[in-house]
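Morning, everyone. Please look at the model first.

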Amino acid sequence: TNFNLTIKDTFAQIIHTGNQTITGGINGKIWGPTLFMNKGDEVHMNVLNKMNESTTLHWHGFHLPAVMDGGPHQVIPPGTVWQPYWTVTNKAATYWYHPHLHMMTNAQMTAGIGGFIIVRDAEEAALALPRTYGVDDFPLAITDRRFTTANQFVVTNYTDSLMVNGTLRPQLAVPAQVVRFRLLNTSPQHSYNLGFSDGRSFSVIASDGGLLDAPAPL
């Protein structure tokens, strides 16, 4: 229920050859940790900004007091700590957190700042769903980028390289069973048509508002 998040400027070897890419990360080189919360928890955040510029951190989709929301006007200057707290009233679902600074959101998200939040509750826990994180329950942050010839991000809506969880052209071996993908579109502009190369069907079971009444086959 207590989370320490350090936002910083850093580097990551995203393209396999050549220069590292200048990135932004939370407790790491790109993206941030997945935060697990239970409905009813009172959660406390310690958000330290170690970047060279101001930022904010917004808890996307959460029901909470406006002063804790991390919107464009709740600025975290460099070298300072912001300490919001709230009681989790959201249903079990996949949420996320990201910068929301006025005129800087796209640039800071392009750098890779953000992360998942997974809320759990008794209703979801009672169902026979995959929920072993990283084994049969995978968060997938889908986005796209354009790189310069020096392997640096270009802040633009016109991109050419797909990334998942900060990785170009990723591959994942999953067990031969039903698996759960928590899909998040973090693209600056694009939407995606998602499916399988063999045309197999799959089911949507939830949105960022919680579980659907029944699985929706697609």
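A polar contact here is a pair of N or O atoms within 3.5 Å; within protein, one must be able to donate a hydrogen and the other to accept it, and residues adjacent in sequence count only if both atoms are side-chain atoms. By that rule, the side chain of Ser187 makes a polar contact with the side chain of Asp144, at 2.9 Å.

Some ground rules. This is a predicted model, where local features need pLDDT of at least 70, side-chain atom pairs count only at pLDDT 80 or more, and totals for chains, interfaces and linings use all residues. Residues are numbered from 1 along each chain as its sequence is written, and side-chain values use heavy atoms, with hydrogens and water left out.

Back to Ser187. This residue sits in the loop between E14 and E15. Helices (H or I, at least four residues) and strands (E, at least two) are DSSP runs, numbered from the N terminus. Is Ser187 buried or exposed? Ser187 is buried, because its relative accessible area is 14%. The cut-offs are under 20% for buried, over 50% for exposed, and partly exposed in between, with a 1.4 Å probe and protein chains only. A polar atom of the Ser187 side chain also lies 2.8 Å from the backbone nitrogen of His190. Leaving aside neighbours within four places in sequence, Ser187 is in contact (heavy atoms within 4.5 Å) with Ile142, Thr143, Asp144 and Tyr192.

Now the spaces. Rolling a probe the size of a water molecule over the atoms shows where empty space is left. On a 1 Å grid over the protein atoms alone, a cavity is a set of points where a 1.4 Å probe fits but cannot get out. A pocket is an open set with protein on both sides within 12 Å along at least five of seven lines. Lining residues have an atom within 4 Å of a point. Grid points are joined across faces, edges and corners, and a volume is the space filled by probe spheres set on the points.

The largest pocket holds about 1,600 Å³. Its lining has 44 residues, with Leu140, Arg180, Phe181, Arg182 and Leu183 nearest the centre. Strands giving two or more residues to that lining include E10 (137-147) and E14 (180-185). By class, the lining splits into 28 nonpolar, 11 polar and five charged. Nonpolar means Ala, Val, Leu, Ile, Met, Phe, Trp, Tyr, Cys and Pro; charged means Asp, Glu, Lys and Arg; the others, Gly among them, are polar.

The second largest pocket is about 260 Å³. Of its 15 lining residues, Leu127, Ile205, Leu211, Leu212 and Asp213 lie nearest the centre. Strand E16 gives the most to this lining, with six residues.

How many cavities of 30 Å³ or more are there? Two. The largest cavity has about 130 Å³ of space. Thirteen residues line this cavity, and Trp31, Gly112, Thr143, Arg145 and Gly166 are the closest to its centre. E10 gives the most here, with three residues. The classes are six nonpolar, six polar and one charged.

The second largest cavity has about 40 Å³. Ala92, Val119, Arg120, Glu124, Arg131, Arg180 and Arg182 line this cavity. That makes two nonpolar, no polar and five charged residues.

That's the tour. Thanks.
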